[in-house]
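Q: Please take me through the features of this model one at a time, giving the general idea before each case.

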Amino acid sequence: MVVLLASAENPSDSVEFARVYGDEKLRELGEEVYAVERLMAKRTRRGRPQFLVRWQGFGPEHDTWEDERNILDDDLVAAYEEESALQRAALKGEIGRAHV
């Protein structure tokens, strides 16, 4: 099981995780908590949303697709969805202006 935690703006060390999720949850997860720099893309596989994860401290060659259910930090998903919506709106505006 892979469990994803935090973004570069939200510290991902064990102290921060314990503060947000509790010491018991940290012990339960053990070594399966990893820091995420950002979510790069989204797709659906077998009916489940997945995100392309850029791992904090690693380059693009280490990006992996991970199920949304494994992402503990809801702010990561919300930030990705907001950024995607803004990009779609900007693209739509540019396309609309090109046809005028």
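A: Let us begin with burial: a residue is buried under 20% relative accessible area, exposed over 50%, and partly exposed in between, with a 1.4 Å probe and protein chains only. Q50 has 12% relative accessibility and therefore counts as buried. The model is predicted, so local features need pLDDT of at least 70 and side-chain atom pairs count only at pLDDT 80 or more, whereas totals for chains, interfaces and linings use all residues. Residues are numbered from 1 along each chain as its sequence is written, and side-chain values use heavy atoms, with hydrogens and water left out.

Q: How many helices and strands does the protein have?
A: Helices (H or I, at least four residues) and strands (E, at least two) are DSSP runs, numbered from the N terminus. Here there are three helices and four strands, arranged along the sequence as β-α-α-β-β-β-α. Of the 100 residues, 29% count as buried.

Q: Where does Q50 lie, and which side chains does the side chain of Q50 meet in polar contacts?
A: A polar contact is a pair of N or O atoms within 3.5 Å; within protein, one must be able to donate a hydrogen and the other to accept it, and residues adjacent in sequence count only if both atoms are side-chain atoms. Q50 belongs to strand β3. The side chain of Q50 makes such a contact with the side chain of R43 at 2.7 Å and with that of D67 at 2.9 Å. Leaving aside residues up to four places away in sequence, Q50 touches A41, K42, R43, R45, W65, E66, D67 and E68.

Q: How many salt bridges does the structure hold, and which residues form them?
A: A salt bridge is a side-chain nitrogen of Lys or Arg within 4 Å of a carboxyl oxygen of Asp or Glu. The whole structure has five salt bridges. One of them joins E83 and R38, with N to O at 2.8 Å; this pair links distant parts of the chain, E83 in helix α3 and R38 in strand β2, 45 residues apart. E83 is partly exposed at 33% relative accessibility, and R38 is partly exposed at 32%. Another salt bridge joins D67 to R48, the closest N and O atoms being 3.8 Å apart. That pair also links distant parts of the chain: D67 is in strand β4 (residues 64–67) and R48 in strand β3, 19 residues apart. D67 is buried at 13% relative accessibility, whereas R48 is partly exposed at 40%. R48, D67 and R69 are linked in a network of salt bridges. R54 and D63 form a further salt bridge, with 2.8 Å between the closest N and O atoms; both R54 and D63 are buried.

Q: How is a pair of aromatic rings described, and which residues form one here?
A: The distance of the centres and the angle of the planes describe such a pair. Rings of Phe, Tyr and Trp (its six-membered ring) pair if their centres lie within 6.5 Å; planes under 30 degrees apart count as stacked, over 60 as edge-to-face and the rest as tilted. The structure holds one aromatic pair. F51 and Y80 form this edge-to-face pair, at 5.3 Å centre to centre and 80 degrees between the planes. F51 lies in strand β3 (residues 48–55) and Y80 in helix α3 (residues 74–98), 29 residues apart. Both F51 and Y80 are buried.

How values were computed. Contact = heavy atoms within 4.5 Å.
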